[in-house]
Amino acid sequence: LIRILHILVEKTSPSSDLVRRVRDLYKKRISDVRFLVPIITSLEKKEIIAALPGLIRQSQGLVKELLSRLLGTHQGGSGPKSPIDSKELMISLHNVDTSEESTMKAVMKAVTLLFQERAVYNQEVLSVVLHQLLDQSPLPTLFMRTVIQARQACPRLIPFIMNILSKLIAKQIWKQPKVWQGFVKCCQMTKPHSFQIMFQLPPKQLESVFEISP
């Protein structure tokens with residue numbers, strides 16, 4: 001059935017009738033998220049976000065197809081426009097519940113795949129994404145990992161990232177241990193730019209930085 005769906009939408013957008021039938025099949029009979037991939041851009045934004053945790057746990061090939069469809073880069077951008085834009089997609093992945101290690105790894109892999117789309121995730125888009133994630137409380141567990149990946153993808157973001165690190169101190173980032181570890185790693189990777197940031201830390205936390213990363 002999944003193969004047939006892919007054939008039906010390979011060269012044309014799925015009809016509203018096909019979308020309705022697949023949606024009903026998924027909700028009432030076969031709760032296999034793979035059925036949603038061929039029609040993913042015809043779903044509502046809330047449906048896509050709700051399905052993301054299951055979708056990103058599929059094979060890497062299918063996850064790549066999913067993300068390329070949502071970004072409009074699949075088969076040269078053919079098909080209906082995605083109801084979720086590139087920034088919303090990255091942010092939604094960070095808001096997936098990562099309490100299970102397998103889900104955490106799936107989110108990490110999906111975010112890494114997004115970073116490979118350099119034409120989409122440029123400096124401007126990444127700045128908006130990081131700024132919106134920074135406003136969340138508590139911060140997403142993978143926030144600092146994404147900050148580090150953004151710095152590697154766009155070295156010109158370093159001044160912006162220094163501003164983020166400064167704001168994280170104001171948020172008492174050390175109260176979120178996993179994110180704090182990422183903060184320390186980021187400081188280590190961005191020396192000497194980060195020296196002025198580290199010296200904004202309270203004495204106890206500054207000492208902790210040098211213990212974690214001498």
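The model is predicted: local features need pLDDT of at least 70, side-chain atom pairs count only at pLDDT 80 or more, and totals for chains, interfaces and linings use all residues. Residues are numbered from 1 along each chain as its sequence is written, and side-chain values use heavy atoms, with hydrogens and water left out. The protein has twelve helices and zero strands. Here helices (H or I, at least four residues) and strands (E, at least two) are DSSP runs, numbered from the N terminus.

**Overall picture**

- Read along the sequence, the pattern is α-α-α-α-α-α-α-α-α-α-α-α.
- The C-alpha trace spans about 65 × 30 × 25 Å along its principal axes.
- Of the 214 residues in the protein, 48% are buried. Buried means under 20% relative accessible area, exposed means over 50%, and partly exposed is in between (1.4 Å probe, protein chains only).
- The accessible surface comes to about 11500 Å². Carbon and sulfur atoms account for 52% of that surface. The areas come from the Shrake-Rupley method with a 1.4 Å probe; for residues, only the protein chains shown count as cover.
- Take the contacts between residues at least 6 apart in sequence: 68% of them join residues at least 24 apart. Contact means heavy atoms within 4.5 Å.

**Helix 8 and helix 9**

- Two packed helices are described by the angle between their axes and the distance between the axes.
- Helix 8 covers residues 143–153 and helix 9 covers residues 158–170. Their axes come within 10 Å and cross at roughly 160°. That makes helix 8 roughly antiparallel to helix 9.
- Axes are lines fitted to C-alpha atoms, for helices over the stretch in contact, and angles run from 0 to 180 degrees between N-to-C directions. Angles under 35 degrees count as roughly parallel, over 145 as roughly antiparallel, 65 to 115 as roughly perpendicular and the rest as oblique.
- Helix 8 contributes Phe143, Met144, Val147 and Arg151 to the contact. Helix 9 contributes Ile158, Ile161, Ile164, Leu165 and Leu168.
- These contact residues divide into eight nonpolar, no polar and one charged. Ala, Val, Leu, Ile, Met, Phe, Trp, Tyr, Cys and Pro count as nonpolar, Asp, Glu, Lys and Arg as charged, and the others, Gly among them, as polar.

- Serine 86 is in helix 5, which covers residues 86–94. Its relative accessibility is 15%, so serine 86 counts as buried.
- Leaving aside neighbours within four places in sequence, serine 86 is in contact with Leu71, Val120, Tyr121 and Val125.
- Serine 31 lies in the loop between helix 2 (16–28) and helix 3 (45–55). Its relative accessibility is 67%, so serine 31 counts as exposed.
- Serine 31 and phenylalanine 115 are 84 residues apart along the chain. Their C-alpha atoms are separated by 30 Å.

**Backbone features in loops**

- Most residues other than glycine have a negative phi, and most peptide bonds are trans.
- The peptide bond from serine 137 to proline 138 is cis, with omega near -5°. Proline 138 sits in the loop between helix 7 (123–134) and helix 8.
- The peptide bond from lysine 191 to proline 192 is also cis, with omega near 5°. Proline 192 sits in the loop between helix 10 (177–189) and helix 11 (195–198).
- Glutamine 172 is not a glycine, yet has a positive phi of about 55°. Glutamine 172 lies in the loop between helix 9 and helix 10. With a relative accessible area of 33%, glutamine 172 is partly exposed.
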